[in-house]
Every structure is written in structure tokens, then in C-alpha cells.
Amino acid sequence: RGSMGKYDPLGVFLRRWRSRNSAEGLELTLDQIEGIIRGVLPRGAGEGPWWTADAECGPHQRAWTDAGFAADFDPKTERVFFRSLPE
């Protein structure tokens, strides 16, 4: 089997969540995300731009965009709201 990227478990988690829930999205803390990926997020994850999908979509951004979500980060609470996008 192919090697999993660091952020692939987050994509798997979000796909599973989406298949079982009809809510608009879900909110996760940075600690919860680190638990899902079983690793430490980079320091940049504490800032909004890291969560904003752009033309040069990094592997971390692909984890949630490929799963059908947009991410909104709140630096005050260190929480990420993954908004489910229409299919």
C-alpha cells in the first residue's frame, strides 16, 4: 500500500464525519487535529493563512479540500471550523 501523508488521517476523518452527518460542518481544536494526525502541527498552523486554501494548495490543505471542506481558523480560540461544501 502507498505511504500515507502526514495529513491524510485528517482527510479520512473528515470524509467519515461527512458520510455520517448532515450538519454544516464541525469544529476542532488544534489539539484534536494533532490527535487525529498523530503528530504536531507546524507553528504556522496557529495563524489564519495556513488554513486558507490558495492556488498552491499544500498537502495539509488538500486533506480537507479533497474531503469537501473549507477551513476557517479562529486564532483567539485556536479552533478550526471545517465547513462542508456542496457536492
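Trainee: Hi! Which residues of α1 are buried?

Mentor: In α1, the buried residues are L10, G11, L14, W17 and R18. Keep in mind as we go that this is a predicted model.

Trainee: Where do those buried residues sit around the helix axis?

Mentor: Looking down the axis of α1, you find its buried residues within an arc of 130°, so they line one face of the helix. On the other side of α1, S19 and R20 are exposed.

Trainee: And what do the buried ones pack against?

Mentor: The buried residues of α1 pack against β1, α2, α3, β2 and β3.

Trainee: How far apart are the end C-alpha atoms of α1?

Mentor: They are 19 Å apart. With 13 residues at 1.5 Å a residue, α1 should span 18 Å, so the two values agree.

Trainee: Let's move on to α2. Which of its residues are buried?

Mentor: L30, I33, I36 and I37 are the buried residues of α2. They cover an arc of only 115° around the axis, which puts them on the same side of α2.

Trainee: What do they pack against?

Mentor: Those buried residues of α2 pack against α1, β1, β2 and β3.

Trainee: What follows α2?

Mentor: R38 does, and its phi is positive, near 50°.

Trainee: OK, now the core. How many residues are in the largest nonpolar core?

Mentor: It has 22 residues, and those with the most contacts inside it are L10, L41, W51, W64 and F82. The elements giving two or more residues to this core are α1, β1, α2, α3, β2 and β3.

Trainee: Which element gives the most?

Mentor: That's α2, with four residues.

Trainee: You mentioned L41. What does it touch?

Mentor: Leaving aside residues up to four places away in sequence, L41 touches Y7, L30, I33, E34, W50 and W51. Two of the names there, L30 and I33, are among the buried residues of α2.

Trainee: Switching to strands: how many bridges join β2 to β3?

Mentor: Six bridges join them, and the two strands run antiparallel. β2 and β3 form a hairpin with four residues between them. In the turn, E78 has a positive phi of about 55°.

Trainee: Which residues stand opposite each other there?

Mentor: F69 stands opposite S84 in β3. Further along the pairing, F73 has V80 in β3 as its bridge partner.

Trainee: And how do β1 and β3 pair?

Mentor: They pair in the antiparallel sense, over five bridges. Here L28 stands opposite V80 in β3. V80 is also the bridge partner of F73.

Trainee: Last topic, charges. How many salt bridges does the structure hold?

Mentor: It holds two salt bridges. One joins R79 to E27, with the closest N and O atoms 3.5 Å apart. R79 lies in strand β3 and E27 in strand β1, 52 residues apart, and the pair links distant parts of the chain.

Trainee: Are R79 and E27 buried, exposed or partly exposed; which is it?

Mentor: R79 is partly exposed, with a relative accessible area of 33%. E27 is partly exposed too, at 44%.

Trainee: Which residues make the other salt bridge?

Mentor: R83 forms it with D72, the closest N and O atoms being 2.5 Å apart. That pair also links distant parts of the chain, with R83 in strand β3 and D72 in strand β2, eleven residues apart.

Trainee: What relative accessible area does R83 have?

Mentor: It is 29%, so R83 counts as partly exposed. D72 is partly exposed as well, at 38% relative accessibility.

Technical notes: Residues are numbered from 1 along each chain as its sequence is written. This is a predicted model: local features need pLDDT of at least 70, side-chain atom pairs count only at pLDDT 80 or more; totals for chains, interfaces and linings use all residues. Side-chain values use heavy atoms; hydrogens and water are left out. A salt bridge is a side-chain nitrogen of Lys or Arg within 4 Å of a carboxyl oxygen of Asp or Glu. Buried means under 20% relative accessible area, exposed over 50%, partly exposed in between (1.4 Å probe, protein chains only). A nonpolar core is a set of buried Ala, Val, Leu, Ile, Met, Phe, Trp, Tyr and Cys residues joined through side-chain atoms within 4.5 Å. Contact means heavy atoms within 4.5 Å. The arc is that of the directions from the helix axis to the C-beta atoms. The expected span of a helix is 1.5 Å times one less than its number of residues. Two strands pair if DSSP finds at least two bridges between them.
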